[in-house]
Amino acid sequence: MASFLLRRRISSSLGVSRTLHAGNMEPIWQHVELRIAALVTISCATRKYSSCAGTTKFDFTDLTRPHTWYPNARRKHRKVFLHMGPTNSGKTYHALKQLESSSSGIYCGPLRLLAWEVAKRLNKAKVPCDLITGQEREEVDGAEHKAVTVEMADVTSDYHCAVIDEIQMLGCRTRGFSFTRALLGISADELHLCGDAAAVPLIQEILKVTGDEIEVHYYERLSPLVPSKVPLVSFSHIQTGDCIVTFSRREIYRLKKKIENEEKHLCSVVYGSLPPETRTRQATMFNDASSDFDVLVASDAIGMGLNLNISRIIFSTMKKFDGIEMRDLTISEIKQIADGLLNLPVGRAGRYGSKFPVGEVTCIDAEDLPLLHSSLKSPSPTLERAGLFPTFELMFMYSRVHQTNDLHQILEHFLDNAKLSENYFIADCEETLKVAAVIDELPLGLHDKYLFCIS
């Protein structure tokens, strides 16, 4: 919704059509961009209507019944299918087959690359499908299907079938609210949720009040995953088919250079913000047995959905910076990366039809092996709460009632006074508050220019 409003404002202010394009942003920043778009829209609206006093005693900070925010979905009797299991289990395949055979539908994924892949798959199958992300909008004539990043999910339209991929991310402290919004808000006859079984109890609890019919299907991994007992130690031990996983673009290219300096291998690189066409070329070179590019250096972002001809996953480190602090990888992240990269398309004999029927996982440093082994043996911790963020409508109405155009004040009030049920938490708003403070300092005449700055 926020992106739609932002595009509409850009078009109306200039009298021309301009597609929002944010460049190659990492997923963690996409949700910030979309919240910024909502904040700018709110700012303009609140200044316009700030003279309208309100007398209602409605408590806009009561967020205990978020399912009521989506009347379109509540008017439907949705049948919800939970496809739960490891990445390499065929669960998403089954959900996408239902989407492909439906008369209308929407796919919601956590990554631009996944949305791009699904749109490409449906269009290739002669099912016209639009692609809508925070960075691009590609419309296909006659399309009744959409592939979108989850923040762009349309909760105002009706669909026959909807798929939400990686639904366990509703527990993410920064992006979880977008998955919760899609879960509660998408109006579809069939809603297919794909992800880790750790999310099942929470989803069942959340949907108790919606009247939806729930059916759970569990899937098992389709090929072996073997944790190594020995670390890599030296890059001189790199072999054909290896994939080294790291967590920044700078580190990807540093490792690529280090491996190629050994003069034994050439490296393809794949990471989340690569343009899809470039990413596909890099993956194709790596998968091609006749290519000289026989090693892959990749980010954790491609652990969701990509099929690659990998013999061994090598973690360069078991820590990552999550935008706030440097921390150990979680059990879910480790399993997601290992399972996701060692992927098996359903119906093939052997992983990717390759000479690597068994996937091996190890680390560069010996001190990281205990965490790797314990994580792969452990079930993911059961999710207890889902992310939540006030809707545009709630914040807009609050601003009218309290006669304020101070965005920072509106958000702070929600954070300090929000009433939640035990199933939810308020999403991390630190970046949004910083942006709100900046917007509050801008005179109204600068808002259109600001919109172009953030695009």
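I start with burial: I call a residue buried under 20% relative accessible area, exposed over 50%, and partly exposed in between (1.4 Å probe, protein chains only). This is a predicted model, so I note that local features need pLDDT of at least 70 and side-chain atom pairs count only at pLDDT 80 or more, while totals for chains, interfaces and linings use all residues. Numbering runs from 1 along each chain as its sequence is written, and side-chain values use heavy atoms, with hydrogens and water left out.

**Overall.** I counted 15 helices and 18 strands; these are DSSP runs (helices H or I, at least four residues; strands E, at least two), numbered from the N terminus. Of the 455 residues, 55% come out buried. I also looked at contacts (heavy atoms within 4.5 Å). Taking those between residues at least 6 apart in sequence, 77% join residues at least 24 apart.

**Strand β10.** Which residues of β10 are buried on each face? On one side I find Asp 242, Ile 244 and Thr 246, and on the other Cys 243 and Val 245.

Next I checked its partners (strands pair if DSSP finds at least two bridges between them). β10 runs parallel to β13 (residues 312-315), joined by four bridges, and Asp 242 stands opposite Arg 312 there. Four bridges also join β10 to β12 (residues 293-299), again parallel, with Thr 246 opposite Ser 299.

**Cores.** I took a nonpolar core as a set of buried Ala, Val, Leu, Ile, Met, Phe, Trp, Tyr and Cys residues joined through side-chain atoms within 4.5 Å. The largest has 56 residues, and Ile 164, Ile 186, Leu 193 and Ile 203 touch the most other members. Helix α6 (residues 176-185) gives the most to this core, five residues. A second, separate core has 20 residues, including Leu 308 and Val 361. Leaving out residues up to four places away in sequence, I see Ile 186 touching, among others, Ala 73, Cys 108, Tyr 159 and Arg 181.

**Cavities.** On a 1 Å grid over the protein atoms alone, a cavity is a set of points where a 1.4 Å probe fits but cannot get out; lining residues have an atom within 4 Å of a point. I found two of 30 Å³ or more.

Key. 1 Å grid on protein atoms, 1.4 Å probe; cavity = no way out; pocket = protein on both sides within 12 Å on 5 of 7 lines; lining within 4 Å. Points joined across faces, edges and corners; volume = space filled by probe spheres on them.
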